[in-house]
Amino acid sequence: MQSTPQLDGVVGIGTQALHAAREALLTDLGQRGAERLQEVGCAAGPEIYAAFLQWLPGHAGVDGPEDLDADRFADVLGAFFSALGWGQVRVDRLGSSGLAIVSDDWAEAGPGEHREFPSCHVTSGLLADFLTRMAGGSALAIMEVTCRSRGDAECRFIAGGPAALEGVYQALAEGRDYLSVFGSDGTGD
């Protein structure tokens, strides 16, 4: 059994509480609620990233993310978020400038909710802040393109620079495959 790490500044919250907060904000505020949930995720980013830095040496044998071999990145990121209870993660490269963070058991998602749009808003904010910090401050944006709350088999978060994510948004709005924005087929190329 995997133990939950004891990390400064990080507290546990049940998935039902997370789902209830999301439901209340989305019901009461609609799109503004989604924006507020992203803000919550962004606010959590610094402490979650600090916890990652605290966790990293004991679990990956490196002092900082810059020392982490690119081939181990996905496994280490997955182990960290899994240890915190978020779920199992797979990371796929999208061309040379993007990442897909994929989970078929992500904690924020509520299978059976039948949402119209992807709705892991806290995660989107959290990953944007976390990955921006991991990238040394180079701004990264996150867009969830599939979501278990919408009935999809997995939650898929696309990470890339703001211009690339604007291209992803445009491609989706036009009914095109967003992977073309990265010059990728989504298989890690």
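Residues are numbered from 1 along each chain as its sequence is written, and side-chain values use heavy atoms, with hydrogens and water left out. Because the model is predicted, local features need pLDDT of at least 70 and side-chain atom pairs count only at pLDDT 80 or more, while totals for chains, interfaces and linings use all residues.

Helices (H or I, at least four residues) and strands (E, at least two) are DSSP runs, numbered from the N terminus. Helix α1 (residues 15-29) and helix α2 (residues 31-60) have axes that come within 6 Å and cross at roughly 140 degrees; axes are lines fitted to C-alpha atoms, for helices over the stretch in contact, and angles run from 0 to 180 degrees between N-to-C directions. On the α1 side, Arg22, Leu25, Leu26 and Leu29 make the contact (heavy atoms within 4.5 Å), and α2 contributes Gln31, Arg32, Gly33, Ala34, Arg36 and Leu37.

Turning to the strands, β4 (residues 155-160) is mostly covered, with six of its six residues buried, that is, under 20% relative accessible area with a 1.4 Å probe, protein chains only. Cys155, Phe157 and Ala159 point one way and Arg156, Ile158 and Gly160 the other. Strand β2 (residues 98-103) runs antiparallel to β4, joined by five bridges, and Ser103 has Cys155 as its bridge partner in β4. Strand β3 (residues 141-146) is likewise antiparallel to β4 with five bridges; here Ile142 is partnered by Ala159 of β4.

How values were computed: Buried < 20%, exposed > 50% of the residue type's maximum accessible area, 1.4 Å probe, protein only. Pairing = 2+ DSSP bridges.
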